[in-house]
Amino acid sequence: MDFKHLKYPLVTVSSPPPRFTLREWYLNNHHHYRTAQDQQQKAARVTAESNRLCNLISEVTKLNKAEVDNTLGERIKDTEYWKKENEIQKEECCKEEEALLIYKERITGALVSLKQQAQTSKKCIILREGRLGIDQVHDDVERELLKEAETIEGVQSLLHRTLEQANEQIRLLRSAKYFLDRDNEDKATALKIDKYCGNLQETSLNLSTHHEVASLDPRNITREEWEHFSKKFIERAAKDVNNTRPLRSYIDILLKQVTEDLLNQYRVTNESFSRRIRETRDAKIKLENEHHETMQQANDMLRNITRLEKAIAEKEGFMALAFTRLGQRAQRSAVERTRDEVETKLVAEVQELRDNVSVLQEMLSEAQASLRYLLKTQIQLEEEINIKANTLKIDDVDCMTLRQSMAFYSY
């Protein structure tokens, strides 16, 4: 029969399922019992271990968190401590800077005052160059004025160096404050972060879901280095503060000492001026007295010369009388021209008159020479009096008036 034209496919008859023995059936059941029991025991052990691990890890987690919280709290306390120390040291720096600025103003005020005193002292030296003649002497006043100018110049140089030291110390204090402020800002930021972290709990919102642990940056400093870093600024600031206090003490002593030295020299110079003024005034008074006496002597000498000239003139009349008598008697004739007593007396009178006139003329010449010397002396005395008056004007009026403005006080 040909089955190719059939509409239905051929059905293949499968072989019957295998057959197992009863023993195999029991063994199979027993195997499943054992497998279930083993899995149940294993599950019980896993459950027990899981419970143990959960409890253990929970405890460890809590302990770790407590330890971190405690460490974070200690860190906050340490940061707050060093921040407080910074603030205390900064306050000390501020106090010392303010105090040193006052001392700087004292030095500056002293320098301004000393500049005026130096100008006054030098002006006195220049004014005294206007003395005339013999009064241009290198006296005690000039020596003390030069010493005073030298003392003021030395004090100015010393105060300028001290002012530079004060400026440098102020710069160091400000630098220390700058680094303390910067360290305080860093610590304030760190405190803000650490306190925020300290307030966070595992139940807080907006916790980070980033579970990768950031590796420690080898450039980060250690705790010991951090403490050393914090101490360094405080110790530096403390050192600057400690250096400022002896500097202020030194400035106090310096200003007091230079004031005493300047005041002593000022007094010594004024005393020299006073002595020199007294000496010049006494010399002027003596010269004026001598001038007065010389004028009187000159007037007396003028009168004396007049008297001598009158006396000589009078003797010329007597001389003419005697010569006239001798001439008349020479006209006697013959025996009457005798050398009688009258002739003898007349000749003796003429000779005596000649001698007396010669003496009077010599005295007149001497009187005239004396008058010339008296007048010359009078002129010289007047010149010396003018020189002394000029010196008194320079020393007593010009210089001492200027020196009244010199005030050396405790700067």
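How many residues does helix α4 have, and how far does the helix reach from its first C-alpha to its last? Helix α4 (residues 341-403) has 63 residues and reaches 88 Å between those two atoms, close to the 93 Å expected at 1.5 Å a residue; the expected span is 1.5 Å times one less than the number of residues. Helices here are DSSP runs (H or I, at least four residues), numbered from the N terminus. Helix α4 also bends by about 25° at Lys 393, the bend being the angle between axes fitted to the seven residues ending there and the seven starting there.

This is a predicted model, in which local features need pLDDT of at least 70 and side-chain atom pairs count only at pLDDT 80 or more, while totals for chains, interfaces and linings use all residues. Residues are numbered from 1 along each chain as its sequence is written, and side-chain values use heavy atoms, with hydrogens and water left out.

Next come the helix pairs. The axes of α1 (residues 22-128) and α2 (residues 140-199) lie 6 Å apart, at an angle of about 165°; axes are lines fitted to C-alpha atoms, for helices over the stretch in contact, and angles run from 0 to 180 degrees between N-to-C directions. The two helices are therefore roughly antiparallel, a term for angles over 145 degrees. Their contact has 30 nonpolar, 13 polar and 19 charged residues. In this classification, Ala, Val, Leu, Ile, Met, Phe, Trp, Tyr, Cys and Pro are nonpolar, Asp, Glu, Lys and Arg are charged, and the others, Gly among them, are polar.

Helix α2 packs against α3 (residues 223-329) at about 165° too, with axes 9 Å apart, so α2 is roughly antiparallel to α3. The contact of α2 with α3 has 28 nonpolar, eleven polar and ten charged residues.

The axes of α1 and α3 come within 9 Å and cross at roughly 20°. These helices are therefore roughly parallel, a term for angles under 35 degrees. Their contact has 18 nonpolar, five polar and 14 charged residues.

Finally, an unreviewed UniProt entry lists residues 270-304 as a "coiled-coil region", although such annotations may be inferred rather than shown by experiment. In the model, this span is 100% helix and 0% strand, and its end C-alpha atoms lie 50 Å apart.

Definitions and conventions: Angles under 35 degrees count as roughly parallel, over 145 as roughly antiparallel, 65 to 115 as roughly perpendicular and the rest as oblique.
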